[in-house]
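Reader: I am new to this structure. Please take me through one part of it closely, after a word on the whole.

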Amino acid sequence: GWREDPALLRQAMRIRGDELWRAHLAAKRALLDEVKRLTGRALAMDALTVGFARRATAYKRADLIFTDLSRLRSIRRMGPLQLVFAGKAHPRDEGGKELIRRIARFARELGDEIPVVYLADYRLELARLLVAGEAVSRLPPLDGAELRLGYLSSAELERALGDSTVA
């Protein structure tokens, strides 16, 4: 498969954009259904879904996105936005537990304006749903600005694969 031979990813360029989009929407629907089942909160299919799923510990700075709420709200004014967090703190990691409490406070403050959910029951199956269903994933910070797009356009995929001759 592609893990043994990354060049196989070039074949992804042959997949039609509408097929990729349908697959992404199906994955997003599965994610949102699981969020609803776990939290009781219904998130929107038409909203940009930003995910952060890591072990909850202070140095991973999962709450960095809340540093400037006015800026976050200005992004929201461009279109619907929702945030999905998942992860567990080690039982003896007080900083990690406090991080989860801070995210919960921001979730209450933002309310329905920018829906925020925290999925405490983080497991491999949930990670797969998150990776497939989110549009943007916040990676562990090195300089505070790392983002990974979960759905790339064909031009972006072409650049990522380094072959501009693929149509």
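Reader: How large is the accessible surface of the protein, and what percentage of it belongs to carbon and sulfur atoms? After that, where is Asp-63 placed, and which residues is Asp-63 in contact with, leaving aside its neighbours within four places in sequence?

Author: This is a predicted model, in which local features need pLDDT of at least 70 and side-chain atom pairs count only at pLDDT 80 or more, while totals for chains, interfaces and linings use all residues. Residues are numbered from 1 along each chain as its sequence is written, and side-chain values use heavy atoms, with hydrogens and water left out.

The accessible surface (Shrake-Rupley method, 1.4 Å probe; for residues, only the protein chains shown count as cover) comes to about 10,000 Å², and 57% of it belongs to carbon and sulfur atoms. Of the 167 residues, 35% count as buried, meaning under 20% relative accessible area with a 1.4 Å probe, protein chains only. The protein has 5 helices and 5 strands, taken as DSSP runs numbered from the N terminus (helices H or I, at least four residues; strands E, at least two).

Asp-63 sits in the loop between strand E1 (48-53) and helix H2 (69-77). Asp-63 counts as buried because its relative accessibility is 17%. Beyond its neighbours within four places in sequence, Asp-63 is in contact (heavy atoms within 4.5 Å) with Leu-99, Arg-102 and Ile-103. With Arg-102, the side chain of Asp-63 makes a side-chain to side-chain polar contact at 2.7 Å. A polar contact is a pair of N or O atoms within 3.5 Å; within protein, one must be able to donate a hydrogen and the other to accept it, and residues adjacent in sequence count only if both atoms are side-chain atoms.

Definitions and conventions. Buried means under 20% relative accessible area, exposed over 50%, partly exposed in between (1.4 Å probe, protein chains only).
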